[in-house]
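Hello,

Here is the structure I promised to pass on. Please open it first, then read the notes below.

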Amino acid sequence: VARLTEVRTAMEIHIVGWPNTKTYRVLDNVRAAAAGTGERPSIVWINDVATIATMGPMTIPAVIVNGKVKMAGHIPSVYEVQTWIAETVRMEFASWS
């Protein structure tokens with residue numbers, strides 16, 4: 001059981017954007033979504049120009065889950081983020097078989 005928890009908490013969610021109202025709302029929705037699913041992903045806010053340029057999103061704010069750009073240019077709902085988290089967990093479990 002400890003191993004399952006370890007793997008499931010290895011999820012990384014990057015919030016990419018400048019310090020402004022939109023990015024703060026994205027950050028709030030991602031935190032609420034994670035709390036609602038029971039997952040404990042690492043949530044990292046990226047606001048450095050050089051780092052943003054290497055990460056791939058063409059518009060900001062953006063959300064990147066385990067290296068995949070899930071959203072760019074708008075504020076995702078809590079439900080939308082929860083579906084990304086659930087999808088990532090399903091993919092991790094599927095890779096075990």
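This is a predicted model: local features need pLDDT of at least 70, side-chain atom pairs count only at pLDDT 80 or more; totals for chains, interfaces and linings use all residues.

Residues are numbered from 1 along each chain as its sequence is written, and side-chain values use heavy atoms, with hydrogens and water left out.

**The core**

Start with the largest nonpolar core, which has 15 residues. (A nonpolar core is a set of buried Ala, Val, Leu, Ile, Met, Phe, Trp, Tyr and Cys residues joined through side-chain atoms within 4.5 Å. Buried means under 20% relative accessible area, exposed over 50%, and partly exposed in between, with a 1.4 Å probe and protein chains only.) Ile-13, Ile-15, Val-30, Val-63 and Ile-85 touch the most other members. Two or more residues each come from strand E1 (12-16), helix H2 (21-37), strand E3 (62-65) and helix H4 (78-96). (Helices, H or I with at least four residues, and strands, E with at least two, are DSSP runs numbered from the N terminus.) H2 gives the largest share, five residues. Another core, of five residues, lies apart from this one; Val-16, Ile-46, Ile-52 and Ala-62 are among them.

Ile-15 touches, among others, Val-26, Val-30, Val-44, Trp-45 and Val-63, leaving out residues up to four places away in sequence. (Contact means heavy atoms within 4.5 Å.) His-14 is in E1. His-14 is buried, at 14% relative accessible area. Beyond four places in sequence, its contacts include Val-44, Met-55 and Ile-64.

**Helix H2**

H2 has 17 residues and should span 24 Å at 1.5 Å a residue; its end C-alpha atoms are 24 Å apart, which agrees. (The expected span is 1.5 Å times one less than the number of residues.) Which residues of H2 are buried? They are Thr-23, Val-26, Leu-27, Asn-29, Val-30, Ala-33 and Ala-34. They cover an arc of only 165° around the axis, so they sit on the same side of H2. (The arc is that of the directions from the helix axis to the C-beta atoms.) Thr-21, Ala-35 and Gly-36 are exposed on the other side.

Now the ends. Asn-20 caps the N-terminal end of H2, with a side-chain oxygen 3.2 Å from the backbone nitrogen of Lys-22. (A polar contact is a pair of N or O atoms within 3.5 Å; within protein, one must be able to donate a hydrogen and the other to accept it, and residues adjacent in sequence count only if both atoms are side-chain atoms.) Gly-38 follows H2, and its phi is positive, near 85°.

Asn-29 is also in H2. A polar atom of its side chain lies 2.7 Å from the backbone oxygen of Pro-76.

**The aromatic pair**

The whole structure holds one aromatic pair. The ring centres of Tyr-24 and Trp-45 are 5.6 Å apart and the planes are at 75°, so the pair is edge-to-face. (Rings of Phe, Tyr and Trp, its six-membered ring, pair if their centres lie within 6.5 Å; planes under 30 degrees apart count as stacked, over 60 as edge-to-face and the rest as tilted.) Tyr-24 is in H2 and Trp-45 in strand E2 (residues 42-46), 21 residues apart.

**Backbone points**

Ile-60 and Pro-61 are joined by a cis peptide bond, with omega about 5°.

Best wishes

Conventions: The expected span of a helix is 1.5 Å times one less than its number of residues.
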